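Dear colleague,

Please find below the sequence and structure that I am handing over to you. My notes on what was found follow directly after.

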Amino acid sequence: MSRVVADHTSSPSPVRDSVPFYDRREVAAEMSRADACISPTLGQLLKRVGDVRKEVTGDETPVHQVLDVSDTSSVEPRSLPFVLSFTHITYSVKVRRKVSLTNFFRRQPAADPDSGETLFSATKTILNDISGEARDGEIMAVMGASGSGKSTLIDALANRMAKGSLKGSISLNGEQLESRLLKVISAYVMQDDLLFPMLTVEETLMFAAEFRLPRTLSKSKKKLRVQALIDQLGLRNAAKTVIGDEGHRGVSGGERRRVSIGIDIIHDPILLFLDEPTSGLDSTSAFMVVKVLQRIAQSGSIVIMSIHQPSYRILGLLDRMIFLSRGHTVYSGPPSNLPVFFSDFGHPIPDNENRTEFALDLIRELEGSPGGTKSLVEFNKSWQALKRGNQMNSESPANILNLSLKEAISASISKGKLVSGATATNGANSPTSMVPTFANPSWIEMAVLSKRSFTNSRRMPELFGVRLGAVMVTGFILATMFWRLDNSPKGIQERLGFFAFAMSTTFYTCADALPVFLQERYIFMRETAYNAYRRSSYVLSHSLVSLPSLLFLSLAFAATTFWAVGLDGSFFFYFLIIFASFWAGSSFVTFLSGVVPHVMLGYTIVVAILAYFLLFSGFFINRDRIPPYWIWFHYISLVKYPYEAVLQNEFEDPVKCFVRGVQIFDNTPLGAVPNALKVKLLDSLSNSLGMKITSTTCVTTGADILQQQGITDLSKWSCLWVTVAWGFFFRILFYLSLLVGSKNKRR
């Protein structure tokens with residue numbers, strides 16, 4: 001039976017009380033003896049160290065709590081460390097050369113086709129032969145000046161590079177990391193805090209738990225996990241506060257950053273990548289964030305982050321550092337070796353100087369010199385080679401990598417890691433088969449996504465209110481402008497104008513759906529990049545959530561205009577075709593939001609395309625009069641089908657007459673002559689045609705009007721189903737745009 005261990009209020013155990021205060025050297029010695037005898041695991045040992053330090057320093061942040069999904073009757077397995085190794089990481093991009101006429105005719109060296117350089121483009125190396133390793137229980141910091149390649153290296157290790165653009169190898173415990181496995185066992189925290197503004201801290205973490213933790217865990221266990229994480233992150237006082245944005249006051253910047261970290265560690269990943277987690281924070285908030293990361297590392301995770309310039313306190317929390325300069329490694333090792341390294345290089349660090357500040361200042365100074373940092377890069381290579389040789393001579397080889405990746409992951413699962421549905425099955429053939437791609441089935445993902453969207457929208461009622469107001473105002477104006485239309489020839493023309501404007505308006509009012517996904521785009525990319533949920537679940541949920549509001553808007557518009565204008569036909573069908581129009585228009589705009597990255601550009605495209613749809617709908621020019629080379633646009637016009645449907649609903653009665661006797665002279669120059677003269681003209685016309693036409697004779701029925709408008713190819717129900725089908729078609733295109741265009745990887 002699986003159980004959750006998340007009681008952060010329990011009293012200290014006797015074992016923990018008896019543990020002395022270790023320093024870093026004692027911890028390292030204990031680690032090296034772990035394979036010689038039965039000893040505490042690395043995660044347990046570091047956890048104890050952190051617990052004792054917490055008691056000594058008065059740190060109120062609770063230790064990292066893990067979910068225990070193992071059988072309580074089984075013997076606790078030994079957990080050997082994970083080691084992430086990366087060798088010869090190289091990343092280059094093509095940049096455009098500046099070509100002028102004077103430079104074009106000058107003698108220039110020939111382009112090298114093997115390197116990919118041409119006369120108009122050159123290759124710029126962002127990362128150049130970067131190697132290193134990171135271990136669980138440690139924090140590795142990637143440092144350097146702006147433009148040195150810090151974020152690029154983090155993206156490379158986190159598999160956020162497009163295939164073919166990155167060279168080198170990345171392995172975990174000596175085995176090549178597959179992309180699918182890496183997505184499941186790792187998490188990536190972006191530099192920007194991408195969160196829903198109207199959700200509270202507790203709700204945000206709870207939704208993350210619903211996505212990441214399997215449905216086999218009960219709701220109460222997930223809540224326990226969230227509450228333990230809130231305490232660990234130091235967010236107890238802000239648990240009920242909304243995240244907030246520019247228009248709504250919410251949590252502070254440091255709290256937002258910790259929430260961003262929390263949603264990615266809810267499932268306790270083995271690998272945690274962070275891009276500038278302390279950016280924009282004050283020193284105290286930054287220290288608290290890194291302290292949280294230390295707790296996470298001590299629970300058995302590998303934490304790799306980029307950081308610009310850590311304070312002295314933060315420096316004491318780091319275990320490994322990599323300094324980069326223009327894509328080259330200028331130092332790799334623990335912070336404690338920095339004084340020896342720079343002293344051997346001939347630039348000793350003063351006693352009262354911050355080590356990282358001194359290192360960064362020296363690197364910047366060398367970058368501005370003629371030789372650059374080449375001397376420091378070469379010295380680092382020789383210094384590291386000498387250090388590795390001394391270690392091999394003085395130490396016996398460690399058995400860290402004796403455990404295969406499969407066995408190590410199995411041990412971690414038994415310890416509570418990767419609780420997103422993972423099972424430590426001995427029969428699994430590969431590490432990838434031990435962990436599912438997604439924690440929950442599609443219907444669970446859709447339910448959670450829908451609930452989150454409804455919760456966020458419910459707290460911003462002004463958005464729907466503005467949309468409803470726009471529809472009601474439009475309906476009111478149309479109702480008063482076309483009040484109680486008659487069945488005269490003028491009334492027919494006015495009905496045609498009303499239907500054309502009303503159907504096109506339903507599409508234009510859907511344009512406000514454009515910024516909805518654009519605001520969520522990067523949240524969606526962050527969550528789907530590491531398999532929080534399926535893209536198909538998001539598309540289906542997005543569609544379902546939009547239906548209630550579209551239904552209400554359709555009913556409001558139909559009720560406002562149908563009886564006020566004096567329309568005939570079925571009100572129910574009139575409501576259905578408006579609802580279908582809103583559905584198709586919303587789907588069309590949603591698809592564009594998945595393709596167009598900017599709101600203003602999206603509005604421009606939406607307005608232009610909808611204008612074209614109206615032009616080719618058949619109102620301004622009949623289908624029979626459209627030039628053959630433009631007829632294809634008539635059939636793909638979204639306005640065509642609802643426009644023809646409402647016309648057929650209005651004029652489908654075969655016995656209803658719209659033009660009688662003398663009304664045939666309306667809308668002609670003879671319309672102004674006296675009625676008696678019109679009767680004489682009818683008699684004369686009757687004699688000429690050989691048929692009797694009186695003032696009450698029906699001349700034009702609804703079928704004649706449809707024939708005149710060229711509406712003869714589809715029935716009204718066929719037009720309704722085609723409109724609905726357009727909506728589904730654009731939703732499918734939206735899904736494909738997300739599948740292709742939201743990979744969240746560098747080129």
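**Backbone, cores and helix packing**

Arginine 326 sits in the loop that joins strand 9 (320-325) to strand 10 (328-333); helices (H or I, at least four residues) and strands (E, at least two) are DSSP runs, numbered from the N terminus. Although arginine 326 is not a glycine, its phi is positive, at about 50 degrees. Aspartate 129, also a residue other than glycine, has a positive phi near 55 degrees. Aspartate 129 belongs to strand 2 (residues 121-135), and it counts as partly exposed because its relative accessibility is 34%. Here buried means under 20% relative accessible area, exposed over 50%, and partly exposed in between, with a 1.4 Å probe and protein chains only. As background, most residues other than glycine have a negative phi.

Please note that this is a predicted model, in which local features need pLDDT of at least 70 and side-chain atom pairs count only at pLDDT 80 or more, while totals for chains, interfaces and linings use all residues. Residues are numbered from 1 along each chain as its sequence is written, and side-chain values use heavy atoms, with hydrogens and water left out.

**The chain as a whole**

The chain has 28 helices and 12 strands. Of its 747 residues, 52% are buried. Among contacts (heavy atoms within 4.5 Å) with a separation of 6 or more, 79% are between residues 24 or more positions apart.

**Annotated transmembrane regions**

An unreviewed UniProt entry carries the annotation "transmembrane region" for residues 464-485, 497-518, 539-565, 571-592, 599-621 and 720-741. UniProt positions are given in the numbering used here, feature names are shortened, and annotations may be inferred rather than shown by experiment. In the model, residues 571-592 are 100% helix and 0% strand, with end C-alpha atoms 32 Å apart. Residues 720-741 are likewise 100% helix and 0% strand, and the end C-alpha atoms of that span lie 31 Å apart.

**Nonpolar cores**

Which residues touch the most other members of the largest nonpolar core? They are Leu271, Ile304 and Tyr574, in a core of 117 residues. A nonpolar core is a set of buried Ala, Val, Leu, Ile, Met, Phe, Trp, Tyr and Cys residues joined through side-chain atoms within 4.5 Å. Helix 22 (residues 571-595) supplies the largest share of this core, 14 residues. At least three residues of the core come from each of domain 1 (83-92 + 122-384) and domain 2 (453-655 + 702-742), the domain bounds being taken from an automatic or database domain assignment. A second, separate core has 64 residues, including Ala141, Val251, Val303 and Val330.

Leaving aside neighbours within four places in sequence, isoleucine 304 is in contact with Leu84, Ala134, Met140, Val142, Ile154, Leu157, Leu272, Phe273 and Leu274.

**Packing of helices 22 and 25**

The axes of helix 22 and helix 25 (residues 640-651) come within 10 Å and cross at roughly 175 degrees. Axes are lines fitted to C-alpha atoms, for helices over the stretch in contact, and angles run from 0 to 180 degrees between N-to-C directions. Helix 22 and helix 25 are therefore roughly antiparallel, a term for angles over 145 degrees. On the helix 22 side, the contact is made by Phe573, Tyr574, Ile577 and Ser581; helix 25 contributes Pro642, Ala645, Val646 and Asn649.

**Individual positions**

- Valine 471 is found in helix 18 (residues 461-481) and counts as buried, at 2% relative accessibility. Not counting residues up to four places away in sequence, valine 471 touches Thr509, Leu553, Phe557 and Phe582.
- Leucine 739 lies in helix 28 (residues 716-741) and is partly exposed, at 30% relative accessibility. Leucine 739 and serine 536 are 203 residues apart in sequence, and 9.0 Å apart from C-alpha to C-alpha.
- Arginine 236 is located in the loop between helix 8 (219-232) and helix 9 (253-265). Arginine 236 is partly exposed, with a relative accessible area of 38%, and touches Gln227, Ile230 and Asp231, not counting residues up to four places away in sequence.
- Methionine 288 has its place in helix 10 (residues 283-298) and is partly exposed, at 29% relative accessibility.

With kind regards

Methods. Parallel < 35°, antiparallel > 145°, perpendicular 65-115°, else oblique.
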